[in-house]
Amino acid sequence: MTILGIETSCDETAAAVVRDGRETLSNVVFSQIPLHRPWGGVVPEIAGRSHVEKIGGVIEEAVRASGAGWGGIDAVAVTCGPGLAASLLVGVSAAKGVALALDRPLYGINHVEAHLHTPFLSPGAPDPAACGPMLGLAVSGGHTALVDMPRYGEYRVIGQTLDDACGEAFDKAAKLLGLGYPGGPEIDRISREAARRDAVRFPLGVPRPGTSALGGLDASLCVSFSGLKTSLLYKVRAEPPRDRAETAEIAASYQEAVVRAIAGRTARALERRRYSALVAGGGVSLNSRLRARLAEVASAAGVPLLLAKPEYCGDNAAMIAGLAFMRHSVPPSASLAMDAMPSLRPGENPLG
Ligand code: KG4
Ligand code: ZN
């Protein structure tokens with residue numbers, strides 16, 4: 001089964017063609033990073049307009065490069081949430097148009113669930129449907145969530161950030177330190193130059209139990225990055241780094257605080273239940289320090305760590321088509337009545 005995937009939830013216009021959920025025939029990503037760089041963050045209006053300009057060409061290129069041809073597309077899958085409303089709408093509308101023109105089924109896919117599918121996107125990867133309960137960690141510019149997956153296709157958020165996503169925490173820190181955009185890769189890079197990663201003591205990134213923002217979730221599985229960001233602001237204001245070596249030490253200490261918060265929560269969740277694997281996805285799963293710490297945490301818990309190939313860590317449409325394949329035995333949940341759902345949570349039915 002050959003599925004055309006479409007993804008426009010944030011600042012990447014992406015389309016991909018994937019055969020049988022594993023074999024990526026094409027994977028086209030148009031990144032808007034240069035458009036948002038002058039503002040130091042994603043500007044929703046600019047993102048939506050750029051998606052409108054690029055979506056047609058990106059889809060055509062994905063179909064052409066796949067060699068499958070329009071006639072070889074068996075189904076269309078699109079991110080319907082969560083994400084920026086004006087961005088999601090472009091992909092959803094384009095997907096409806098293609099599905100209608102080709103007379104093929106249309107699948108609405110949850111973006112966070114798709115990030116958690118990325119480690120399975122290669123012919124050699126295990127079959128997720130044959131794995132036991134898994135713990136998912138989605139870490140990106142928009143999301144930080146620990147997801148319990150009792151069976152593949154079932155998702156329950158057990159921990160999350162109460163404020164900024166971890167990618168956002170990196171992006172804002174890089175801005176304060178005068179590093180480039182997006183900040184995550186910059187912080188990762190400069191941290192490797194640091195003589196030490198404990199030069200600055202940052203707060204733990206742990207929310208206080210009983211906070212109403214927890215919404216019933218266990219505080220010991222949640223994180224909070226706003227205090228971290230504020231303490232970096234005060235530190236930089238009080239003692240601006242004098243040279244690159246000092247900037248590197250501050251960046252490395254900050255990265256350590258973010259990674260410690262995520263890895264600590266993950267370790268705790270792994271103690272709560274017997275999992276068959278730890279599955280991580282999203283742009284921040286590229287972070288070298290986080291990868292190293294997660295490997296230690298998984299090894300201590302005796303579970304394999306499944307990470308995505310670098311090209312599938314950031315936003316892409318192969319993960320959308322790949323996850324849709326896992327659903328193809330059930331009738332498509334989406335129809336032409338499907339709408340963009342900016343606040344969709346993992347495990348929520350896209351039509352619900
Ligand atoms: O998954 P993604 O492409 O988009 C969203 O769904 O948000 O993630 C983008 C985020 C950005 O915040 C970026 O700074 C961060 O991932 N990122 C990293 C690294 N590479 C990308 N953060 C830390 N270390 C990295 N190496
Ligand atoms: Zn994403």
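In the predicted model, about 1300 Å² is buried between domain 1 and domain 2, and carbon and sulfur atoms give 67% of this area; buried area denotes the accessible area (1.4 Å probe) that two parts lose on being put together, summed over both. Helix 1 (33-36), helix 4 (111-115) and helix 10 (318-326) each supply at least two residues of the side of domain 1 that touches domain 2. Helix 4 gives the most to that side, with four residues. By residue class, the side of domain 1 that touches domain 2 divides into eight nonpolar, six polar and four charged residues. Here Ala, Val, Leu, Ile, Met, Phe, Trp, Tyr, Cys and Pro count as nonpolar, Asp, Glu, Lys and Arg as charged, and the others, Gly among them, as polar. Helices (H or I, at least four residues) and strands (E, at least two) are DSSP runs, numbered from the N terminus.

Domain 1 comprises 2-117 + 315-335 and domain 2 comprises 133-307, with bounds taken from an automatic or database domain assignment. Their C-alpha centres lie 27 Å apart. In contact across the interface are 18 residues of domain 1 and 15 residues of domain 2, contact meaning heavy atoms within 4.5 Å. Two residue pairs are in polar contact between the domains, both at pLDDT 80 or more. A polar contact is a pair of N or O atoms within 3.5 Å; within protein, one must be able to donate a hydrogen and the other to accept it, and residues adjacent in sequence count only if both atoms are side-chain atoms.

Elsewhere, the salt-bridge count comes to 20. One pair is Lys229 with Asp164, whose closest N and O atoms are 2.9 Å apart. This pair links distant parts of the chain, 65 residues apart: Lys229 lies in helix 7 (residues 226-238) and Asp164 in the loop between strand 8 (156-160) and helix 5 (166-176).

Around ligand 1 there are 20 residues, of which Gly141, Asp171, Asp188, Gly283 and Asn287 come nearest; the criterion is a heavy atom within 4 Å. An oxygen atom of ligand 1 lies 2.7 Å from a polar side-chain atom of Asp171. For Gly283, a backbone N or O atom is 2.9 Å from a ligand oxygen atom, and for His111 a side-chain N or O atom is 3.5 Å from one.

Residues are numbered from 1 along each chain as its sequence is written, and chains are lettered from A and ligands numbered from 1 in the order in which they are written. In this predicted model local features need pLDDT of at least 70, side-chain atom pairs count only at pLDDT 80 or more, and totals for chains, interfaces and linings use all residues, while side-chain values use heavy atoms, with hydrogens and water left out.

Definitions and conventions. A salt bridge is a side-chain nitrogen of Lys or Arg within 4 Å of a carboxyl oxygen of Asp or Glu.
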